[in-house]
Amino acid sequence: TSAKFSVKWWEFDMGWLVISLLKPLGLVKVKRVPPKPAVHAEKALVDGDTLTAVIHNRFQVLASYSREVILPVLQEEKSRAGKAGKKMFQRARVALTRDHSLVREADKARLQALLDHSQTLQVVHQYQEQLKALWQQRSLDKDELIAALKQWCAEAEATGIKALQDFARQLRTLVPMPVPA
């Protein structure tokens, strides 16, 4: 529903380029662009605004989860494994951060072996999958989704994995971006 398909700075969007050129001439009017999450630092509780921000910004939330949780934990586990376990970590980044439908079968098998080897990576991966499943639950009403997100945050903070705990605290501070008047 957005006029702009690119979200990251490096993504090229020919349609957005044309729209950007025609906009100053008054030939087009942009009605929608991808939402951006906003942070309200003092906010500590999951509420309807948090849920709205998470669902509307799910791609940014997943990218943030990959960057702030999965990759640091992967680096830590890789350094613990030493040279002997380095082969197990090949292409693990791709398999852990991409959608499973885009991962090759060989990488899926390697990922499963890695998850079997590392309890911490297994937990982080499990929470990633639970977060994805949360916004795909269409049968739940808003209050049930808020309760599920609260539970996800509480359980993530209870894992003892610092990166996951920090992410859960950060997730609580998300609010929808205010709409300009």
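In the predicted model, the largest nonpolar core comprises 41 residues, of which Tyr 65, Leu 131, Leu 149, Trp 152, Leu 164 and Leu 171 touch the most other members. Two or more residues of this core come from each of α2 (48-56), α3, α4, α5, α6, α7 and α8. The greatest contribution is that of α3, which supplies eight residues. In soluble globular proteins, nonpolar side chains tend to be buried together.

One of the core residues with the most contacts to other members, Leu 164, was examined individually. With residues up to four places away in sequence set aside, Leu 164 touches Tyr 65, Val 69, Val 123, Tyr 127, Trp 152, Ala 156 and Thr 159. Tyr 65 and Trp 152, both in this list, are themselves among the core members that touch the most others.

From the N terminus, the order of elements is α-β-α-α-α-α-α-α-α-β. Of the 181 residues, 34% are buried. Among contacts with a separation of 6 or more, 64% are between residues 24 or more positions apart. The C-alpha atoms occupy a box of roughly 60 × 35 × 30 Å along the principal axes.

Helix α6 spans residues 119-134. The buried positions of α6 are Leu 121, Val 123, Val 124, His 125, Tyr 127, Gln 128, Leu 131, Lys 132 and Leu 134. These buried residues pack against α3 (58-81), α4 (92-97), α5 (105-117), α7 (142-157) and α8 (162-172). Two of them, Val 123 and Tyr 127, are touched by Leu 164, while Leu 131 is one of the core residues with the most contacts to other members.

Lys 132 also lies in α6. Its relative accessibility is 11%, and Lys 132 is therefore classed as buried, the cut-off being under 20%. Beyond its neighbours within four places in sequence, Lys 132 is in contact with Leu 62, Arg 98 and Asp 99.

For the protein overall, the accessible surface amounts to about 11600 Å², and carbon and sulfur atoms account for 57% of this area. There are 28 positive and 19 negative side chains. The centres of these two sets of charges are 8 Å apart.

Methods. Residues numbered from 1 in each chain as written. Predicted model: local features only at pLDDT ≥ 70, side-chain atom pairs only at ≥ 80, totals over all residues. Heavy atoms only, no water. Helix = DSSP H or I, 4+ residues; strand = E, 2+ residues; numbered from the N terminus. Expected span 1.5 Å × (residues − 1). Buried < 20%, exposed > 50% of the residue type's maximum accessible area, 1.4 Å probe, protein only. Contact = heavy atoms within 4.5 Å. Areas by Shrake-Rupley, 256 points an atom, 1.4 Å probe, with all protein chains shown as cover. Lys, Arg positive; Asp, Glu negative; His and termini not counted. Charge placed at Lys NZ, Arg CZ, Asp CG, Glu CD. Core = buried A, V, L, I, M, F, W, Y, C linked by side-chain atoms within 4.5 Å.
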